[in-house]
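Visitor: I have a protein model open and would like to learn how to read it. Could you take me through a few features?

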Amino acid sequence: MTRLSGKVAIVTGGASGMGRATVMRFLADGAKVVVADLNEANGAETVSVAKANGHGAAIAFVRCDVAKETDVAALVAEAEKRFGRLDIAYLNAGVGGAFGPIAETSVEDWDYTFAVLTRSVFLGMKHASQAMKKHGGGGVILVTASIAGMVGGGGSHAYSAAKAAVISLIENVAAELGGDRIRVVGIAPGVISTPLVHRGRPEKYEKQFGHQPWPDRGEPEVIADVASFLVSDEARFITGETIKVDGGLLAQGIALWGTGKDNTFMKSAGVNRGTTGEAMVVRNLRDKP
Ligand SMILES: NC(=O)c1ccc[n+]([C@@H]2O[C@H](COP(=O)([O-])OP(=O)(O)OC[C@H]3O[C@@H](n4cnc5c(N)ncnc54)[C@H](O)[C@@H]3O)[C@@H](O)[C@H]2O)c1
């Protein structure tokens with residue numbers, strides 16, 4: 001018996017990056033998975049990898065544009081037709097979307113960004129929850145948000161705003177669906193080494209990959225591991241929550257005084273008594289091993 005035995009999942013954007021890593025993880029955990037993506041070549045490759053790992057009977061691919069309601073409805077119907085029900089919807093597909101100064105951003109590019117990143121999540125929640133209610137027994141809707149939706153400076157204007165909207169949707173829809181035992185949860189990744197970021201050249205983005213306090217690079221599997229937990233019964237009392245998986249990137253904050261050991265406050269120890277007239281006590285730590 002594995003963690004997700006008997007569960008049926010859909011994973012949008014499952015043909016690449018953290019979506020593909022999560023597809024592999026869900027399969028290893030015993031779930032049946034329908035991969036939904038626009039990229040058919042990468043979808044076929046994902047299915048081949050799953051087959052090579054012995055999961056051929058538990059995976060299917062559907063070409064789907066997550067921004068189109070007819071495609072999302074057809075995706076949910078395909079999961080039901082092929083595997084009999086729907087327990088888990090991982091709404092993860094995404095693109096970088098519109099970028100550039102606000103005065104240079106076209107309405108068309110703005111709308112495309114919100115269609116792929118935000119409308120898709122609304123559509124996924126709408127159709128997945130309908131299916132989950134119909135079959136009974138509850139379910140889990142998991143969404144890939146972003147730390148860019150939580151603070152400034154993590155992405156382009158449109159991308160950040162679209163991800164912030166998704167975080168709000170997670171909270172509000174979780175409150176609605178709790179009574180149906182449908183949990184709605186999110187993951188806010190930090191910088192993860194996927195083709196979306198490195199476009200086949202990870203070495204060019206070492207600065208971004210090394211920005212967080214945790215020394216290791218964020219590989220797609222760090223997201224897959226948290227996704228597996230969040231959709232499992234071990235997380236049964238977590239709903240309406242978006243969990244940062246960012247190696248401490250946001251905990252580091254604005255880093256006004258430097259980061260890590262280079263932080264000014266780490267070079268000496270003592271107490272600053274402000275403008276009280278009492279002396280400040282400082283011990284220099286520079287020579288300490
Ligand atoms: N990589 C990061 O550092 C990072 C950080 C925060 C959030 N995210 C988010 O994580 C999610 C996954 O991104 P990734 O980094 O694994 O990127 P990726 O490019 O490796 O994978 C994204 C997948 O989504 C698919 N997709 C895009 N538009 C689609 C559409 N309209 N319909 C169906 N499929 C579509 C792509 O074809 C691709 O297979 C995205 O929502 C992204 O915004 C990524």
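Visitor: What is the volume of the second largest pocket?

Guide: Start with the general idea. Rolling a probe the size of a water molecule over the atoms shows where empty space is left. On a 1 Å grid over the protein atoms alone, a pocket is an open set of points with protein on both sides within 12 Å along at least five of seven lines, while a cavity is a set where a 1.4 Å probe fits but cannot get out; lining residues have an atom within 4 Å of a point. Points are joined across faces, edges and corners, and a volume is the space filled by probe spheres set on them. Here, the second largest pocket has a volume of about 350 Å³.

Guide: A word on the model: it is predicted, so local features need pLDDT of at least 70 and side-chain atom pairs count only at pLDDT 80 or more, whereas totals for chains, interfaces and linings use all residues. Residues are numbered from 1 along each chain as its sequence is written, and side-chain values use heavy atoms, with hydrogens and water left out.

Visitor: Which residues lie nearest the centre of that second largest pocket?

Guide: They are G139, R181, I182, R183 and R236, out of 16 lining residues. Strands are DSSP runs of E with at least two residues, and helices are runs of H or I with at least four, numbered from the N terminus. β5 (139-144) and β6 (182-189) each supply at least two residues of this lining. For classes, Ala, Val, Leu, Ile, Met, Phe, Trp, Tyr, Cys and Pro count as nonpolar, Asp, Glu, Lys and Arg as charged, and the others, Gly among them, as polar. The lining of the second largest pocket then has 5 nonpolar, 5 polar and 6 charged residues.

Visitor: How many cavities of 30 Å³ or more are there?

Guide: The count is 1 cavity of that size, and about 100 Å³ of space lies in the largest cavity. Its lining has 14 residues, with T12, L91, N92, S120 and V121 closest to the centre. Helix α4 gives the largest share of that lining, 4 residues. By class, the largest cavity is lined by 8 nonpolar, 5 polar and 1 charged residues.

Visitor: Now for salt bridges. How many are there?

Guide: A salt bridge is a side-chain nitrogen of Lys or Arg within 4 Å of a carboxyl oxygen of Asp or Glu. The count comes to 11 salt bridges. In one of them, the closest N and O atoms of R25 and D225 are 2.5 Å apart. R25 is in helix α1 (residues 17-28) and D225 in helix α8 (residues 220-231), so this pair ties together parts that are 200 residues apart in sequence. R25, D29 and D225 are linked in a network of salt bridges.

Visitor: Is E80 buried or exposed?

Guide: Buried means under 20% relative accessible area, exposed means over 50%, and partly exposed is in between (1.4 Å probe, protein chains only). E80 is buried, at 18%. E80 forms a salt bridge with K134, with the closest N and O atoms 2.9 Å apart. Since E80 lies in helix α3 and K134 in helix α4 (residues 107-135), the pair ties together parts that are 54 residues apart in sequence. K134 itself counts as exposed, at 59% relative accessibility.

Visitor: What share of the 289 residues is buried?

Guide: Buried residues make up 44% of the protein chain.
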